[in-house]
Amino acid sequence: MITFRAITRADYASLVRWRSAPHVARWFEPLDLATAEAKYQARIDGTSPTRMHIVEIDGEDAGYLQHYLVRDYPDYLAAVGEPNAAGIDFLIGEDRFVGKGLGPRVIRAYIRDVVVPAHRSIRKIVSTPAFDNARSIRALEKAGFLQRTTIDVDGKPERLCILQLS
Ligand SMILES: CC(C)(COP(=O)(O)OP(=O)(O)OC[C@H]1O[C@@H](n2cnc3c(N)ncnc32)[C@H](O)[C@@H]1OP(=O)(O)O)[C@@H](O)C(=O)NCCC(=O)NCCS
């Protein structure tokens with residue numbers, strides 16, 4: 001069973017641990033507790049446009065996801081070019097849940113249960129993994145996203161993946 005709950009400060013230690021896991025660290029900046037505090041408090045308080053959630057798989061914390069309106073981040077909007085879309089980022093931090101086909105199910109469930117209810121007017125979901133993060137791109141494809149082009153996001157090549165909502 002896949003469920004989501006809003007992140008709290010008590011989750012920072014898990015975030016730090018997950019971000020240092022070898023299968024994650026290749027794709028994300030390292031994170032320590034002080035950085036987590038500084039970066040994520042506004043998301044917990046609701047003063048940031050980004051909302052973060054822990055994904056629980058059969059009741060166990062497995063990783064985290066976040067979502068936001070693309071237009072709330074002008075530089076990202078300029079790169080992505082989708083003003084009526086929500087963006088998502090995701091990771092499964094617990095190694096034992098990775099590589100078992102859960103990622104695409106988690107992504108689909110997050111969009112259905114969290115992102116769309118939060119943003120009823122959006123028509124598209126975008127996600128932009130590193131251009132060479134083949135596993136993430138494939139997971140997005142399995143969740144229904146189509147690969148478009150490689151774009152420049154803050155000087156890094158990322159693969160624009162788009163899900164058209166019905
Ligand atoms: C990306 C992630 C969510 C995918 O979830 P998952 O449960 O591992 O995904 P799956 O088990 O369904 O595997 C996805 C697909 O990638 C394929 N795959 C796995 N490793 C791969 C690799 N190194 N290169 C290419 N494809 C790969 C799998 O074979 C599978 O495709 P298939 O079912 O057609 O065979 C998860 O691996 C993760 O959190 N990784 C680390 C963090 C990360 O990269 N986050 C995304 C940042 S945008």
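Trainee: How many bridges join strand S4 to strand S5, and which way do the strands run?

Mentor: Two strands pair if DSSP finds at least two bridges between them. Here 3 bridges join S4 (residues 85-92) to S5 (residues 124-127), and these strands run parallel. Alanine 85 stands opposite lysine 124 in S5. One caution: this is a predicted model, in which local features need pLDDT of at least 70 and side-chain atom pairs count only at pLDDT 80 or more, while totals for chains, interfaces and linings use all residues. Residues are numbered from 1 along each chain as its sequence is written, and side-chain values use heavy atoms, with hydrogens and water left out.

Trainee: How many helices and strands does the protein chain have?

Mentor: Helices (H or I, at least four residues) and strands (E, at least two) are DSSP runs, numbered from the N terminus. The protein chain has 6 helices and 7 strands. Read from the N terminus, the elements go β-α-α-α-β-β-α-β-α-β-α-β-β. The radius of gyration is 15 Å, close to the 15 Å that the globule rule gives for 166 residues, so the chain is as compact as a globular protein of that length. The radius is taken over C-alpha atoms, and the rule is 2.2 Å times the number of residues to the power 0.38. Along the principal axes, the C-alpha atoms fill a box of roughly 35 × 35 × 30 Å.

Trainee: What is the strand order in the sheet?

Mentor: The order is S1-S2-S3-S4-S5-S7-S6, in an open sheet of 7 strands with mixed pairing. S1 (2-6) and S6 (146-153) stand at the edges with a single partner strand each, so one side of each has no neighbour in the sheet. From one strand to the next, the twist averages 30°. Helix H6 (residues 134-142) packs on this sheet and touches S4, S5, S6 and S7 (156-164). The direction of H6 makes about 10° with that of S7.

Trainee: In which sense do S5 and S7 pair?

Mentor: They pair in the antiparallel sense, over 4 bridges. Lysine 124 stands opposite glutamine 164 in S7. S6 and S7 also pair in the antiparallel sense, over 6 bridges. Leucine 146 faces isoleucine 162 of S7, and threonine 150 has arginine 159 in S7 as its bridge partner.

Trainee: Which residue takes a positive phi in the hairpin of S6 and S7?

Mentor: Aspartate 154, with phi near 55°. The hairpin has 2 residues between the strands.

Trainee: Now helix packing. At what angle do H1 and H3 pack?

Mentor: Axes are lines fitted to C-alpha atoms, for helices over the stretch in contact, and angles run from 0 to 180 degrees between N-to-C directions. H1 (residues 12-20) and H3 (residues 33-45) pack at about 120°, with axes 10 Å apart. That makes H1 oblique to H3. The classes are: under 35 degrees roughly parallel, over 145 roughly antiparallel, 65 to 115 roughly perpendicular, the rest oblique.

Trainee: Is the crossing of H1 and H3 left-handed or right-handed?

Mentor: A crossing is left-handed if the near helix is turned anticlockwise from the far one by less than a right angle, and right-handed if clockwise. The crossing of H1 and H3 is right-handed.

Trainee: Which residues of H1 and H3 meet?

Mentor: Contact means heavy atoms within 4.5 Å. From H1 come Tyr12, Ala13, Leu15, Val16 and Arg19; from H3, Leu33, Ala36, Glu37, Tyr40, Gln41 and Ile44. By class, this contact has 8 nonpolar, 1 polar and 2 charged residues. Ala, Val, Leu, Ile, Met, Phe, Trp, Tyr, Cys and Pro count as nonpolar, Asp, Glu, Lys and Arg as charged, and the others, Gly among them, as polar.

Trainee: What does glutamine 41 touch?

Mentor: Arg9, Tyr12 and Ala36, not counting residues up to four places away in sequence. Glutamine 41 lies in H3. Its C-alpha atom is 10.0 Å from that of tyrosine 12, 29 residues apart along the chain.

Trainee: How far apart are the axes of H5 and H6?

Mentor: They are 8 Å apart; H5 (residues 102-118) and H6 pack at about 55°. That makes H5 oblique to H6. Their crossing is right-handed. Pro104, Ile107 and Arg108 of H5 make the contact with Ala139, Leu140 and Lys142 of H6. These residues divide into 4 nonpolar, no polar and 2 charged.
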